[in-house]
Amino acid sequence: MIRLEGLSLAIGRQPVLDSVSLDLAPGSITGLVGESGSGKSMTALAIMGLLPPGMRAMGRVMLDGQNLLEASEPDMGRIRGRRIGMIFQEPMTALNPLMTIGDQVAEVLRLHEGMGRRTALDRARERLDRVGLPAPRFPLTLYPHELSGGQRQRVAIAMAIALRPGLLIADEPTTALDVTTQARILDLLKALVRDEGMALLLITHDLAVVAGMADRVAVMQGGRVVESGPTGTVFRQRSHPYTRQLFSASRYSPVRGPRPAAPPLLEVRDAVRDYRLPQGGLRALDRVNLTVARGESVGLVGESGCGKSTLARVILGLDPLQGGRIRLDGQDVAAGRRMPRGLRARMQAVFQDPFGSFDPRWRVDRLLAEPFHLTGRPPDWRDRVAAALAEVGLDPGDARRFIHEFSGGQRQRLAIARALIIRPALIVLDEAVSALDVRVRAQVLDLLARLQADHGLSYLFISHDLSVVRGIADRVLVMQAGRIVEEGPPEQVIDAPRHSHTQALVAAMPVIPGDWI
Amino acid sequence: MLRYVLRQMIVMGSSLLAASALIFSVVELVPGDPASFMLGTGAQPETLAALRQQIGLDQPLALRYAAWLGAILHGDFGTSFTYKTPIAGMIAERLQVSLPLALMALALAIALALPVGLYAAARRDRAGDGLAMGTTHLGIALPNFWFAMLLVLVFAVRLRWLPAGGFPGWSDPLAALTSLILPATALALPQAAILARVLRSALVETMGQDYIRTARAKGLTAGQALRRHALRNALIPVLTILGMQFSFLLAGAIIIENVFYLPGLGRMIFQAITQRDLIVVQSAVLVLVAAVIAVTFLVDLAYGAVDPRLRRA
Amino acid sequence: MRIGPALGAALAGLALSAAVLSAFWTPYDAGLMAIADKLQPPSGAHWFGTDHFGRDILSMAMAGARTSMAVALVAVAIGMGLGVPLGLLAAARRGTWTDEIVMRGNDLIFAFPSLVIAILITAVWGPSALNAMVAIGIFNVPVFARVTRGAALPVWVLDYIRAARVAGKGAGLISVQHILPNIAGLLIVQATIQFSLGILAEAGLSYVGLGAQPPTPSWGRMLAEAQTMVALAPHVAVIPGLCIVLTVLGLNLLGDGLRDALDPRLRVRR
């Protein structure tokens, strides 16, 4: 029904899209996969005619014999929302915060069908029911801030499908959501395609999501579709080398040697952390127990708001505890100045955001040397910085550069170098690879495994993603609502979960079918 | 919403209390004491003692503050030292000029800024935007009292369309309003320039938000998205500026009254300063500050009306 | 639009040079009266003409620039000197009582327009240019405190601040080493805005007699003295007004240019 033919787009001389061709058939799901910057989102915006100002796409986007790239702006206004709907990645910001959800859904109907407010709201009610926001619990008068991320994404879907468009474009619709919420949104999208007979263009970086959803898949790299076809065929054959790389990187787990039994390094006993909020108290940590031995990797998994980041903060001595104790090397960890510097220097951290982890106004040498604040800066600190850079696979000459000159993967290497520079015993990795593309992620995981073997480091690896933890952890802990609900070796926790929450997490985890591998 | 309003009222009440204490204590800082300051060096000892007694200087500071505040709450601002008349009446009379002037200027500023800001945001980075923003740059740089002098020169002296100054009183409403046109214009124009710039940048900022992209994906044109989604969201920063502007307008009105010889609060204050009438100065300043605090309260209420996220808290 | 910042720098530079130059040299003595030469229109001998006392307006305008700029500059220094540390403190202690007290105190001061502060000060200590500095300076304090806090808050939640805390650094050190350099651009832009507002405010205060007193030359007082002469000799009122407009315009254009140059969204991020 919608056909892209040789869609091309350039910024200056830099090609962004290079003759992209796709067929989007009614009642079928097409997965568009690729890493960041591959042109997936630009393809979607080009179809919608919503490219950033100054950009013009070449080629053809055919809808019922009409080339949308040549359509006038008023014509595109009649097509958007009526013939093609679109939803975006960030449900938290995708809705107007000052408008009720009923009015936002009704707006599409009033705009295109000229309905009165009353009629439009009745229809909006019916559409919200359809996307799983039933009347009694979700009145039309709710505002976006009264809904969770998943619920907001449902509102966005209701708006996009309000007029039963022939094509729905979903750009990373579940990337910002928890895995259980993701599974429910994906189920909803699947059911909508089946019931309403529309075409779905599903844009994602996650091969496993595509494997479970799409009838056909197109793999994009550097603005080009390098391989496309029925999902099963593409995944089984992997005829293009890039597809093969993506495939192996997404299931990557580094080779790690056997770990000898060792005494405990970090002990968390009955840790309790309460927050006072306007709506009342919140117990973020509820008698949490956790041990990390020397040289051990412990994975901590849970959904957003389960308390895993709070746990990281109290372990690092950034926030105080309201009960229980945390010991590192037999000494008590405390918040602020009460913790001796020598003890603080025994642990370091790597955070998620490779872009926010470094002061943009400092040079690399000063950035990496910052932890020397704990130990006193040694006279040979420049050599130490150079050695740390070399150790994480960067050029010692990078020491005088600024952080914006590095890619996301390089920044995460720098963050690891900064953590290593004072030779800590424990490194807390808080979603340290979550923001990275799969191939870069595999390289960083390799680096972490090698450094652990070389220095006998202990890792506390915090993540929302069970599949990542599986590859790097000796032991996995599952956290829910401030409590550890399950603990064990990764194979056991993931392949034979005992607690109902773990079972739900595992069931929701998108996987590539075993016989495709 | 009720809880939100109550909380804002408590904030306003405590601000008023703190402001009154501040004003009261600053006046206590005069060299010597307020009575000898007001009477000057050549005062008779008996007169001085009498004045001290009248303003209660023989009592402790806290007690005097409490008495002063208590009287004000009953509408009694004391008696002018110079004119021997109740200050409350003087202020009420002067406010009949200053308040309409400030409100007229505010209305005029909004009426000018709204279309200019919307227009510039809609034509962002094009010639129309550049022209509009260049003009506002000039408007911001205008000292309002100088602009007022130029207005008098052109519209009163040369063209003789409008009076050059003076105020005929509200017994003739039309004449009264006519005499406020030039002062209000002089006050409003620089403020309109500021408001238009703030509105434009707030609109441009909101036009970059995700929900505008969502609105475009629904089929709204850029203009529809601007009017239906961006404008209301942009109103929040604009309200902040609007609240601050009222205090500038009130202060500006005091200066502008001098250009047009308007018998407003400003003229009264300057006369009181020359006459060393501290009681009048103190009361007038309190009224001005109370007006600013009250406007802040109204702006906070407006926030609550615009933004549902605030009503809950 | 690119000519804006250049024009701004030129205008502001001109005003600044005139102010500095007037300390050493003016065409005539700015206070010298020559009644015989009164109210002369601009000419070769008096480029900007003379006022009702026969004083050379160019000389007075140059000396007035010095007063205006000195008052505005000191006022900005007072505002930054007190406001920036307060804002940093409030941001570092965000959500605590310290933050609440600092911000409430700010709101309170903010309810006093600079003119009202000047009225209070003048009523008690009498008018002078120093009073104008203090009044405008006090008014600037909450402005800088708010801007500093507002800009510092989003920096405080970034991961590099967490990394600095993991490196054992306290709130004070982090504020100085990380927060201040990262919000400095914004503060510089705000300083140019407050500087230009200070010039406007000084002119207003001097115009109503709450600022510079005779014989200190001042643009605002020149306008006050010119008011009765407007119809007779417009240049007496037009020239000091243009001085104010062009200086303020120049500073604002310069501030805009700085803002664009320092806008974090235009830098490489995310």
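# A tour of chains A, B and C

Select chains B and C together: 41 residues of chain C are in contact with 47 residues of chain B. The model is a predicted one, and every stop below is a place in that prediction.

**Stop 1: chain C against chain B**

Show the surface between the two chains. Chain C and chain B bury about 3700 Å² between them, and 82% of that area is on carbon and sulfur atoms. On the chain C side, pick out C:Ile119, C:Leu120 and C:Val124, which lose the most area to chain B. Together these three account for 14% of what that side buries.

Next, look for charge pairs. The rule finds 1 salt bridge across the interface of chain C and chain B. To see it, select B:Arg197 and C:Asp256; the closest N and O atoms of this pair are 2.8 Å apart. Across the interface of chain C and chain B there are also 4 residue pairs in polar contact, counting those with both residues at pLDDT 80 or more.

Now colour chain C by its helices. The elements that give two or more residues to the side touching chain B are α3 (97-110), α4 (114-125), α7 (171-207), α8 (219-226) and α9 (235-262) of chain C. The largest share, 11 residues, comes from α9(C). By class, the chain C side divides into 33 nonpolar, 5 polar and 3 charged residues.

**Stop 2: a pocket lined by chains B and C**

On chain B, the elements giving two or more residues to the lining are α1 (2-27), α10 (222-260) and α12 (278-306). On chain C, they are α3 and α5 (129-156). Highlight α3(C) in particular: this helix gives the most to the lining, with 8 residues. The lining of the second largest pocket has 16 nonpolar, 8 polar and 8 charged residues.

**Stop 3: chain B by itself**

Taken along the principal axes, the C-alpha atoms of chain B fill a box of roughly 85 × 55 × 35 Å.

**Stop 4: chain A against chain B**

Bring chain A back. The contact with chain B takes 25 residues from chain A and 21 residues from chain B. Chain A and chain B bury about 2200 Å² between them, with 58% of it on carbon and sulfur atoms. Select A:Leu98, A:Glu107 and A:His145, the residues of chain A that lose the most area to chain B; together they make up 30% of what that side buries.

How many salt bridges does the rule find across the interface of chain A and chain B? There are 3. A:Glu107 forms a salt bridge with B:Arg228, and the closest N and O atoms are 3.7 Å apart. The rule also finds 11 residue pairs in polar contact across the interface of chain A and chain B, both residues being at pLDDT 80 or more.

For the secondary structure on the chain A side, show α2, β6 and α3 (101-113), the elements that give two or more residues to the part touching chain B. The largest share, 5 residues, comes from α3(A). The chain A side divides into 14 nonpolar, 7 polar and 4 charged residues.

**Stop 5: the largest cavity**

The lining of the largest cavity divides into 7 nonpolar, 2 polar and 1 charged.

**Stop 6: a salt bridge within chain A**

Over all chains, the count comes to 51 salt bridges. For one of them, select A:Asp64 and A:Arg83, whose closest N and O atoms are 2.5 Å apart. The pair links distant parts of the chain, 19 residues apart. A:Asp64 is in the loop between β4 (58-63) and β5 (66-67) of chain A, while A:Arg83 is in the loop between α2 (73-79) and β6 of chain A.

Conventions:
Residues numbered from 1 in each chain as written. Chains lettered and ligands numbered in written order. Predicted model: local features only at pLDDT ≥ 70, side-chain atom pairs only at ≥ 80, totals over all residues. Heavy atoms only, no water. Contact = heavy atoms within 4.5 Å. Buried area = accessible area lost by both parts, 1.4 Å probe. Salt bridge = Lys/Arg side-chain N within 4 Å of Asp/Glu carboxyl O. Polar contact = N/O pair within 3.5 Å; in protein donor to acceptor, adjacent residues only side chain to side chain. Helix = DSSP H or I, 4+ residues; strand = E, 2+ residues; numbered from the N terminus. Nonpolar A, V, L, I, M, F, W, Y, C, P; charged D, E, K, R; others polar.
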